[in-house]
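Here are my notes on this model, as numbered points. Please read them beside the coordinates.

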Amino acid sequence: MSQDNTYTPPRVWTWEQASGGQFASINRPIAGATHEKALPVGEPPFQLYSLATPNGVKATVMLEELLELGHTTAEYDAWLIRIGDGEQFGSGFVEVNPNSKIPALMDHSTETPTRVFESGAILLYLAEKFGDFLPTAFKARTEALNWLFWQMGSAPFVGGGFGHFYAYAPEKLEYPIDRYAMETKRQLDVLDRHLAENRYLAGDDYSIADIANWPWYGQLVLGRLYDAGEFLQVHTYENVVRWAQDIDARPAVQRGRMVNRTFGEPEMQLHERHHASDFAQKTQDKLEPQS
């Protein structure tokens, strides 16, 4: 590996705002709101403030899966948060999630509204509230939670690590790309070995463990993240590919991918507020082949 320039860290780090990169304008070393902006609130019990990044897709897939099972009280409004415009730093959003990351959820069905932030917490909250997608047997429940928290701890190396340096950094640097490509492939191998002996991550039943992992690792092996499929040779993780395709075929997953989506193919975007009653028809119209 060659290195033309070396960097010596200063004794005290200072924030250089013009640091470059696609997300330079929204990254900062301080928390809190940058401007006053109230969040919209609709009629359904759940108000979701999000964007269709992998973490955002977890929440919309979960809500769509609950509606698919007939949980009408899981109806929700999806409000688009344009993170590139800094909307996550508005005062209303910061009240829901002081960490200023999507997705963020408000449950208005409780005696006083309940905020839920962090995508894994949202999945666990909804699973426990509705009694679905989380096994009740002790060992199976523990296994589902193992893989849920594995994803929460591992995916930042894929997104903030590999994805950032491979796809978004202002210049290509060999060392970080090699470092995080190695770790991403190691994680895919962890999943591939486990899925060689299990249909889903917690065993025979689809759970929040799968809903958490699929938007990251499933979409990665399906060629939807960072245009890195060939680079990472994702097709060699055959068990992960099988699992990813199986989940990708679920109607609720197909709908969940569309919500709050502002990029990609137009027919896979739906980024306006909706109720479950009319959303099903809108998505069906987009998903069905046109005659």
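1. Helices (H or I, at least four residues) and strands (E, at least two) are DSSP runs, numbered from the N terminus. On that basis the protein chain has 10 helices and 4 strands. From the N terminus on, the order is β-α-β-α-β-β-α-α-α-α-α-α-α-α.

2. This is a predicted model: local features need pLDDT of at least 70, side-chain atom pairs count only at pLDDT 80 or more, and totals for chains, interfaces and linings use all residues. Residues are numbered from 1 along each chain as its sequence is written, and side-chain values use heavy atoms, with hydrogens and water left out.

3. Burial and contacts overall. Buried means under 20% relative accessible area, exposed over 50%, and partly exposed in between (1.4 Å probe, protein chains only). Buried residues make up 47% of the 291 residues in the protein chain. A contact is a pair of heavy atoms within 4.5 Å. Of the contacts in the protein chain with a separation of 6 or more, 68% join residues 24 or more positions apart.

4. Helix α8 (residues 238-248). Its buried residues are V240, V241, W243, A244, I247 and D248. They fall within an arc of 165° seen down the axis of α8, so they line one face of the helix. The arc is that of the directions from the helix axis to the C-beta atoms. The cover over these residues includes α5 (174-195), α6 (208-221) and α9 (251-258).

5. How do the axes of α3 (residues 119-130) and α6 cross? They come within 10 Å, at roughly 150°. Axes are lines fitted to C-alpha atoms, for helices over the stretch in contact, and angles run from 0 to 180 degrees between N-to-C directions. That makes α3 roughly antiparallel to α6, a label for angles over 145 degrees. On the α3 side L123, L124 and A127 meet I208, I211 and A212 of α6.

6. Two loop residues with positive phi. S100 has phi near 55° and is not a glycine. S100 sits in the loop between α2 and β3 and counts as buried at 6% relative accessibility. N260, also not a glycine, has phi of about 60°. N260 is in the loop between α9 and α10 (276-287), and counts as buried at 0% relative accessibility.

7. Check the cis peptide bond. It runs from I102 to P103, with omega near 0°. P103 lies in the loop between α2 (91-96) and β3 (104-107).

8. Is E197 buried or exposed? E197 is exposed, with a relative accessible area of 71%. E197 is in the loop between α5 and α6. The C-alpha atoms of E197 and N239 are separated by 9.0 Å, at 42 residues apart along the chain.

Methods. Angles under 35 degrees count as roughly parallel, over 145 as roughly antiparallel, 65 to 115 as roughly perpendicular and the rest as oblique.
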